[in-house]
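Me: Hi! Could you walk me through this one while I have it open?

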Amino acid sequence: MNRKRNQPSNRDQVIQTAAQMFLMGGYAYTSMDDVMRKSRVSKSNIYYHFKSKEELLLAVVEFWADRYEAQLFASLGQNDLTVEKRILAFMESLAAGFTERNHQGGCPFVSLYLQCSEQAEAVRERIFRFFAELHPLLTKLFEQGVKKQEFREGIGADEAASLFIAALEGSLVLAETTRDAGVIKRTAVHFCRMLH
């Protein structure tokens with residue numbers, strides 16, 4: 001009997017469940033038994049795929065990286081839209097995900113980085129790599145904005161990308177503390193306004 005196309009595998013079910021639980025309840029406070037109960041995947045099956053909780057955490061970080069990168073590429077790849085509209089579309093997708101999580105776990109990467117142990121080198125390296133790969137993508141986007149004269153001449157695309165990442169992370173923290181997803185979009189609007 002074939003599995004339905006939209007039904008995730010046991011491994012994916014565990015990752016998706018843990019991805020939400022680690023952010024909403026905290027990595028340290030979520031046990032493998034908690035994940036087992038919520039995911040409805042047996043403990044033996046979970047440990048077949050993940051030898052430890054830290055290994056599951058790495059898979060969760062990969063899950064969030066894949067999800068954010070897909071959203072980013074979908075937004076940035078819409079060349080028929082202005083750069084500003086593409087940035088706003090990306091931020092709106094982040095705000096929607098944040099709302100789905102009941103205003104918890106603003107930035108999955110920062111939240112999970114702060115919660116994992118110093119010995120979780122693979123997890124920390126993957127989070128570092130996500131931000132390292134995000135920067136050049138955003139630099140190219142701001143370069144397009146300057147080239148198309150959407151943003152004023154003299155804007156340093158590399159510097160704009162660095163500041164935007166900082167503003168993005170700050171907006172996610174503020175959104176979580178104020179429980180207001182609108183902060184995320186407003187931050188992007190204000191940031192782009194400063195570039196005009």
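Reply: Happy to. Keep in mind that this is a predicted model.

Me: How many helices and strands does the protein have?
Reply: There are 9 helices and 0 strands. Written along the sequence, the pattern is α-α-α-α-α-α-α-α-α.

Me: And what are the dimensions along the principal axes?
Reply: The C-alpha trace spans about 60 × 40 × 30 Å. The accessible surface is about 10,800 Å², with 53% of that area belonging to carbon and sulfur atoms.

Me: What share of the residues is buried?
Reply: Of the 196 residues, 43% count as buried. As for contacts, if you take pairs at least 6 apart in sequence, 67% of them join residues at least 24 apart.

Me: Let's look at α5. How many residues does α5 have, and what distance does α5 reach?
Reply: Helix α5 has 18 residues and reaches 26 Å from its first C-alpha to its last, close to the 26 Å expected at 1.5 Å a residue.

Me: Which residues in α5 are buried?
Reply: Quite a list: Val83, Glu84, Arg86, Ile87, Leu88, Phe90, Met91, Leu94, Ala95, Gly97 and Phe98. The cover over the buried residues of α5 includes α4 (53-76), α7 (121-147), α8 (157-178) and α9 (182-195).

Me: Remind me why spacing matters when I read a list like that?
Reply: An α-helix has 3.6 residues a turn, so residues three or four places apart point the same way.

Me: Where does Arg101 sit?
Reply: Arg101 is in the loop between α5 (83-100) and α6 (108-115). Asn102, which also follows α5, has a positive phi near 60°.

Me: Is Arg101 buried or exposed, and which side chain of opposite charge is nearest?
Reply: Arg101 is buried but has no salt bridge. The nearest side chain of opposite charge belongs to Glu100, and that one is 6.8 Å away.

Me: Then what does Arg101 touch?
Reply: Setting aside residues up to four places away in sequence, Arg101 touches Gln20, Leu23, Met24, Trp64, Tyr68, Gly106 and Pro108.

Me: Switching to salt bridges, how many are there in the whole structure?
Reply: A search finds 8 salt bridges.

Me: Which residue does Arg126 pair with?
Reply: Arg126 forms a salt bridge with Glu62, with the closest N and O atoms 3.0 Å apart. Because Arg126 lies in helix α7 and Glu62 in helix α4, the pair ties together parts that are 64 residues apart in sequence.

Me: Are Arg126 and Glu62 buried or partly exposed?
Reply: Arg126 counts as buried because its relative accessibility is 5%, under the 20% cut-off. Glu62 is partly exposed, with a relative accessible area of 28%.

Me: And what does Glu92 in α5 do?
Reply: The side chains of Glu92 and Lys185 meet in a salt bridge, 2.8 Å from N to O. Glu92 lies in α5 and Lys185 in α9, so this pair ties together parts that are 93 residues apart in sequence. Glu92 is partly exposed at 37%, and Lys185 is partly exposed too, at 34%.

Me: What does UniProt place at residues 31-50?
Reply: The unreviewed UniProt entry places a "DNA-binding region" there. In the model that span is 75% helix and 0% strand, and its end C-alpha atoms lie 13 Å apart.

Me: And which residues does the annotated domain cover?
Reply: The annotation "domain: HTH tetR-type", from an unreviewed UniProt entry, covers residues 8-68. That stretch is 77% helix and 0% strand, and the end C-alpha atoms are 19 Å apart.

Me: Last one: where is Glu169, and what is it in contact with?
Reply: Glu169 is in helix α8 and counts as buried, at 16% relative accessibility. Apart from neighbours within four places in sequence, Glu169 is in contact with Cys107, Val110 and Phe131. Glu169 and Cys107 are 62 residues apart in sequence and 6.8 Å apart in space, C-alpha to C-alpha.

Methods. Residues are numbered from 1 along each chain as its sequence is written. This is a predicted model: local features need pLDDT of at least 70, side-chain atom pairs count only at pLDDT 80 or more; totals for chains, interfaces and linings use all residues. Side-chain values use heavy atoms; hydrogens and water are left out. UniProt positions are given in the numbering used here, feature names are shortened, and annotations may be inferred rather than shown by experiment. Helices (H or I, at least four residues) and strands (E, at least two) are DSSP runs, numbered from the N terminus. Buried means under 20% relative accessible area, exposed over 50%, partly exposed in between (1.4 Å probe, protein chains only). Lys and Arg count as positive and Asp and Glu as negative; His and the chain ends are not counted. A salt bridge is a side-chain nitrogen of Lys or Arg within 4 Å of a carboxyl oxygen of Asp or Glu. Contact means heavy atoms within 4.5 Å. The expected span of a helix is 1.5 Å times one less than its number of residues. Accessible areas come from the Shrake-Rupley method with a 1.4 Å probe; for residues, only the protein chains shown count as cover.
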